[in-house]
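Colleague: Could you take me through this structure one part at a time? I would like to ask questions as we go.

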Amino acid sequence: MTDQSHLPDRSLSDHILAALDITVLEWNEESGTFQLQGVPPEWWSRCFGLTSRSSLDLSRCSPFLQDYLTGIHSVWQGAPGPIEKSGPWTESDQQGDTMTLEARALSLGPRMLVLIERLGSDFENMRSIVQRARERMLVEGITAKSHRNTEIRLIGRLEASERTKDDALALLQQLGLTAMVLDERGRITFATDRTLEMLGIADEGAIGQSWDQILSLRKEDHLLVQHLLEGSSQTRSVGPFCLGRPCSKWIELEIHRDLGHSARRILVLHDRTEVHALRQALNEQASFHDLVGKSSAMLRVYQLVRDVAQVDTTVLIEGETGTGKELIARAIHSSSGRKNKPFLAANCAGLTDSILTSQLFGHRRGAFTGAIQDQQGLFEAAEGGTLFLDEIGDIPPNVQTALLRVLQEKEITRLGEAKPRTVNVRVVAATHHNLSEDVLRGSFRADLLYRIRIARVQLPPLRDRREDIPLLAQSMLGQICAATGKTIERLHPDTLRLLMSHTWPGNVRELKSAVEFAVISCKGTEIHPADLPPEITGTTVGPSPSVFIPLSNPDEKTRFLTALSEAKGNRTEAAKRLGISRATFYRRLVELDIQPH
Amino acid sequence: MMQKKVCLLGGFAVGKTSLVRRYVTNVFSEHYQTTIGVTVEKKMVTVDRQDMMLMLWDLYGEDEFQHVRESYLRGSSGYILVLDGTRKATLDTARLLQQTVVRTVGPLPFVAIINKSDLRSEWEIDQSVIDQLREQGWPVFLGSAKLGQGVDELFARLAEMLLSAAPPPRVSR
């Protein structure tokens, strides 16, 4: 074995260089070449084919090494000592494999050296770190770019959405639509300017508020709207509802489910105040209190009633049976200053002298047989209000005298008493008689006639206002259906035609009776001619009847008796079945000499 | 035969190595392998019937990890600035590198290529910027090392510029 510890100097340096895997080149000034020092590493020989102590042929070196070795002289010519690194470069060996080398130039006194080493694992680690760092930067760059693009896209969408919203809003405002959007808790998230204007509130006052704080509805309307808001229906229309207390507006509501967010609701408000006012005005024209009709004859009656109501005089209402004389009397009372006082009605027909006197003026206990206690009469009971005396043409002469005294003196005297009592009652009388003729015949006092006829209202028979028949029939149909629970929507045109052509001797009362008959007969939702009473279906327009119901034929008594029998003695019901008023019924009973049981 | 040292300069991952490989060996690899140091490739070209050996110095990319050593630039006859069209920041790097070259070795012939035209939809460098560069005297090429587009034209143009800039050959008496 060789003793390695005593190697000569040259051999030692060669071994050190071999151990360090470094190639050392020394510049030979004389030959102008680089001289390889020591034994070069194996990789050097693979690249450049040089063995120890040979001169380096620059033309065989790689371009990089050539460049470096050529340029290194300028370094050596400078200040001694510094080491000039080449930086790493890639070199290929004769087999085409690559390696990374780095050279350092240094001067040791007069000797100028170049050390070339192959960069190993440390270099590879560093390359790996840089590689990872750059890859990461690239990925982050791509991510950042993606985020930027997403941001730009979203901003673009947002801007487009804002533009769309602005456009929609502008359109909405331009259309003047009154609408608001409610969130899932019923709070207002949006309301158009028109809505705020209509409700008279500021924007900041509405947004975030619950709908019922903004729409002040009556309790039952509130419950209905709340119910509909909680429902799942796509669209519902309700109303009109009265807004505010006192009622300042009438609105109809359309409740839509927001198709984008099923829990949200869109409320479209329609201001129906004007329509409501017009409808009310129309209704007032078409009806007056409980009177229905918009014919010119009835409009004149309504106006007359209004005029009469303004004064406190006695009124005489004239008209055929069934024309609604008592309704007129009630309308006068309701339109007058006495409306908050009693309205009492007395039928003067068919009553005896004493009964009628007692009924009107009252009696004292013991005044007559059966008068077991003091009893006030209708005049006293109606104190401050209105007393309606129906069939005043039928009152006996004695009562006429007493009545005249009341009207003149404003005093009544109870039967059995001597001391008069002061009363304040407005008398409204009605009759189907021609009282002037009665005066001529001597059956009615002229002075009483003049006293009660200070104001007159003449009610037209139904045949003189046929244009009111559809309105009356429809109104009656609604009332009767509501009472009976039947759902009949309309009258067939042929039915209406028949109703229009009938002469209606019993006037409105007869019409109501016919409609009641038809409702009972009707099996569908529309009244057909076959549903009407036979006397209507067989009737055509004929000559005007007399103001009296034509009950003078021989069958009349039979009809009355039959009606009484079917009504089991109930005179009101019997009168209804015959289509005549109770007053007429009583009068006819007397005329036909029928003694009801 | 003329030998011309040409440096390829640009930010990291712009495609300098890919351009050289596509030009010299007509090969492209999708795999990104960062360059540390320098790799020198040679390519013989003929310009105006004159042969010219281009020594293509593929330098590592400029970024915060590595800055181009000015010593690498010495002896260059020209250079190529490489930009990545999908990263606008590589334009800033190219401008800085150009200033470094001018400061170190003076105004040399150069060409610029905006690489990765195969990803044109993702480019951040738009036409107005390209027009501005051209107005500033930059010979700008658009190309793709991946597709081989504009590569030969790029090097051919630089070779022409190098030939134009080279002193006329000496005539022996």
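**A conversation about the model**

Modeller: Let us begin with one pair of residues: A:Ile255 has A:Leu267 in β12(A) as its bridge partner. Please keep in mind that this is a predicted model.

Colleague: How many bridges join β11 to β12 in chain A, and in which sense do they run, parallel or antiparallel?

Modeller: Strand β11 (residues 249-257) and strand β12 (residues 265-271) of chain A are joined by 7 bridges and run antiparallel.

Colleague: What is the order of the strands in that sheet?

Modeller: The order is β9-β8-β12-β11-β10 in chain A, an open sheet of 5 strands with antiparallel pairing. The edges are held by β9 (188-191) and β10 (235-243) of chain A; each has a single partner strand, so one side of each has no neighbour in the sheet. On average, neighbouring strands of this sheet are turned by 25 degrees against each other, direction ignored.

Colleague: Which helix lies across β10, β11 and β12 of chain A?

Modeller: That is helix α9 (residues 219-230) of chain A, which runs at about 160 degrees to β10(A).

Colleague: How many bridges join β15(A) to β23(A)?

Modeller: Strand β15 (residues 315-318) of chain A is joined to β23(A) by 4 bridges, and the two run parallel. As one example, A:Leu316 has A:Arg456 in β23(A) as its bridge partner.

Colleague: Let us go to β1 of chain A. Which residues are on its covered face?

Modeller: Strand β1 (residues 22-28) of chain A has A:Thr23, A:Leu25 and A:Trp27 on the covered face, while A:Ile22, A:Val24, A:Glu26 and A:Asn28 are on the uncovered one.

Colleague: How many residues lie between β1(A) and β2(A) in their hairpin?

Modeller: There are 4 residues between them, and A:Gly32 in the turn has a positive phi of about 70 degrees.

Colleague: A change of topic: at what angle do α18 and α19 of chain A pack?

Modeller: Helix α18 (residues 469-484) and helix α19 (residues 493-501) of chain A pack at an angle of about 120 degrees, and their axes are 10 Å apart. That angle makes α18(A) oblique to α19(A). Their crossing is right-handed.

Colleague: Which residues of the two helices meet?

Modeller: On α18(A) they are A:Ile469, A:Pro470 and A:Ala473, which meet A:Leu496, A:Leu499 and A:Met500 in α19(A). By class, the residues of this contact are 6 nonpolar, no polar and no charged.

Colleague: Now chain B, please. How many helices and strands are there?

Modeller: Chain B has 5 helices and 6 strands, and their pattern along the sequence is β-α-β-β-α-β-α-β-α-β-α. Of the 173 residues in chain B, 45% are buried.

Colleague: Why is β4(B) described as largely enclosed?

Modeller: Strand β4 (residues 78-84) of chain B has 6 of its 7 residues buried, so the rest of the structure largely encloses this strand. Strand β1 (residues 2-10) of chain B pairs with β4(B) in the parallel sense over 5 bridges, and B:Leu9 has B:Leu81 in β4(B) as its bridge partner. Strand β5 (residues 110-115) of chain B also pairs with β4(B) in the parallel sense, over 6 bridges; B:Asp84 stands opposite B:Asn115 in β5(B).

Colleague: Finally, how many residues does each chain give to the contact between chain A and chain B?

Modeller: Chain A gives 18 residues and chain B gives 16 residues. On the chain A side, the elements that give two or more residues are α3 (63-71), β5 (89-92) and α5 (121-175). The largest share of that side, 8 residues, comes from α5(A).

Terms used:
Residues numbered from 1 in each chain as written. Chains lettered and ligands numbered in written order. Predicted model: local features only at pLDDT ≥ 70, side-chain atom pairs only at ≥ 80, totals over all residues. Buried ≥ 20, exposed ≤ 12 C-beta atoms within 10 Å, placed from the backbone. Pairing = 2+ DSSP bridges. Contact = placed C-beta atoms within 7 Å. Axes fitted to C-alpha atoms, helices over the stretch in contact; angles between N-to-C directions. Parallel < 35°, antiparallel > 145°, perpendicular 65-115°, else oblique. Left-handed = near helix turned anticlockwise from the far one by under 90°. Nonpolar A, V, L, I, M, F, W, Y, C, P; charged D, E, K, R; others polar.
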